[in-house]
Amino acid sequence: MIKPITTMKGAFDLTGKNVIITGGNRGLGFGIAEAMAQSGANIAIFCRDAAKAAEALENLKPYGVTCKSYSCDVTSLPSVRAAVAAACADFGGIDILVNNAGVSCTKALLDMDEDLTDWYKVINTDLNGCVHMTYEVAKRMRDAGKGGCIVNVTSNAGFMVNHGQPMSPYSSAKAAMNHFTRCMACELAQYDIRVNGIAPGFTNSELSQHIPPENMSYITTQTLAGRFGEPIEVGALAVYLASPAAAQVTGTIQVIDGGYMLRC
Ligand SMILES: NC(=O)c1ccc[n+]([C@@H]2O[C@H](COP(=O)([O-])OP(=O)(O)OC[C@H]3O[C@@H](n4cnc5c(N)ncnc54)[C@H](OP(=O)(O)O)[C@@H]3O)[C@@H](O)[C@H]2O)c1
């Protein structure tokens with residue numbers, strides 16, 4: 001059983017916790033890395049682009065925590081297995097896993113090629129990548145017997161059909177991730193592992209730069225907050241979900257989209 005907090009002192013503190021963040025080298029993943037490092041956690045970034053990872057590690061230096069990067073393609077189980085083993089050896093165990101790596105696709109199903117390459121790329125990265133990471137990390141959390149926390153970055157697109165751009169593989173992968181989150185919360189509770197999701201709306205990153213200009217004004221008008229989100233705001237929510245303050249929170253999907261979905 002995970003003990004409740006008795007005071008707000010240290011309720012959001014992650015000091016000494018070891019975190020893996022997939023896609024932590026840029027965008028929302030880096031916002032989560034920055035927020036968690038500022039809250040005292042040691043950071044392991046999993047991604048493919050080594051130059052971008054080196055840049056991220058440099059930017060995390062001021063926070064004085066241990067930060068390392070690992071080459072990992074989340075679509076490949078052997079790659080995930082090797083990277084998780086290396087991070088566990090370096091850090092002595094993992095307390096928090098953030099499944100953030102993701103790709104999108106704005107193509108209608110009937111415009112895809114004969115092999116459905118785009119469909120498989122998104123499903124293999126967003127959904128199967130999350131499953132691969134959860135399998136490898138949760139096993140180690142279970143065996144270490146200290147509990148743990150998993151945060152899955154999904155999307156508000158997992159709850160609705162986006163206006164203006166067809167994105168069925170992305171929305172379907174995110175909807176499946178939402179339910180995988182609930183299933184894992186039930187399966188892993190016996191090991192004191194909490195599992196929650198974050199469903200961001202439009203947030204500033206390289207991924208959101210591909211939105212056609214004609215859709216931009218529609219999006220900001222529809223969003224009650226009147227703007228895109230920032231990666232550090234998603235990071236703040238991830239810190240809360242991973243913190244002692246959230247000991248009673250599991251199996252939830254927290255929407256952070258400035259109110260966009262309310263008017264869809
Ligand atoms: N931006 C938004 O508006 C928005 C809204 C809702 C949800 N999200 C979700 O937030 C997450 C991050 O998105 P973002 O906007 O920050 O996107 P981004 O800037 O394009 O970054 C994507 C990240 O995923 C990593 N990645 C992609 N494929 C990978 C693979 N096969 N193996 C390992 N890492 C991989 C990339 O690292 P490498 O290329 O170095 O591997 C990169 O760090 C995604 O899951 C996305 O669906 C974003």
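Asp192 lies in the loop between α5 (168-188) and β6. Helices (H or I, at least four residues) and strands (E, at least two) are DSSP runs, numbered from the N terminus. The model is predicted: local features need pLDDT of at least 70, side-chain atom pairs count only at pLDDT 80 or more, and totals for chains, interfaces and linings use all residues. Residue numbers start from 1 along each chain, as its sequence is written.

**Loop residues**

- Phi of Asp192 is near 60°, a positive value in a residue other than glycine.
- Asp192 counts as partly exposed because it has 18 C-beta neighbours inside 10 Å. The cut-offs are 20 or more other C-beta atoms within 10 Å for buried, 12 or fewer for exposed, and partly exposed in between, with C-beta atoms placed from the backbone.
- The C-alpha atom of Lys146 is separated by 7.5 Å from that of Asp192, 46 residues apart along the chain.
- Lys146 sits in the loop between α4 and β5. With 13 other C-beta atoms within 10 Å, Lys146 is partly exposed.
- Leu116 also has a positive phi, near 55°. It is found in the loop between β4 and α4.
- Leu116 counts as exposed, because it has 12 C-beta neighbours inside 10 Å.
- Most residues other than glycine have a negative phi.

**Overall fold**

- The protein chain has 7 helices and 7 strands.
- From the N terminus on, the order of elements is β-α-β-α-β-α-β-α-β-α-β-α-α-β.
- The radius of gyration of the protein chain is 18 Å, close to the 18 Å from the globule rule for 264 residues, so the chain is as compact as a globular protein of that length. The radius is taken over C-alpha atoms, and the rule is 2.2 Å times the number of residues to the power 0.38.
- Along the principal axes, the C-alpha atoms fill a box of roughly 45 × 40 × 40 Å.
- Of the 264 residues, 45% count as buried.
- Among contacts between residues at least 6 apart in sequence, 75% join residues at least 24 apart. A contact means C-beta atoms, placed from the backbone, within 7 Å.

**Nonpolar core**

- The largest nonpolar core has 66 residues. Such a core is a set of buried Ala, Val, Leu, Ile, Met, Phe, Trp, Tyr and Cys residues joined through C-beta atoms within 7 Å.
- Ile20, Ala33, Met36, Ile43, Val98 and Ala238 touch the most other members.
- Not counting residues up to four places away in sequence, Val98 touches Val19, Ile20, Ile21, Thr22, Ile32, Val151, Val153 and Ala238.

**Helix α7**

- Helix α7 (residues 231-242) has 12 residues and should span 16 Å at 1.5 Å a residue; its end C-alpha atoms are 16 Å apart, which agrees. The expected span is 1.5 Å times one less than the number of residues.
- Buried residues in α7 are Pro231, Val234, Gly235, Leu237, Ala238, Val239, Leu241 and Ala242.
- Their cover includes α1 (27-38), β4 (96-99), β5 (148-153), β6 (193-200) and β7 (253-256).

**Ligand shell**

- The ligand is surrounded by 30 residues, and the closest are Gly23, Gly27, Asp49, Gly102 and Ser205.
- Two or more residues of the shell come from each of α1 and α4 (117-144). The largest share, 3 residues, comes from α1.
- By class, the shell has 10 nonpolar, 13 polar and 7 charged residues. Ala, Val, Leu, Ile, Met, Phe, Trp, Tyr, Cys and Pro count as nonpolar, Asp, Glu, Lys and Arg as charged, and the others, Gly among them, as polar.

How values were computed: Two residues are in contact if their C-beta atoms, placed from the backbone, lie within 7 Å. A residue is near a molecule or strand if its C-beta atom, placed from the backbone, lies within 6 Å of it.
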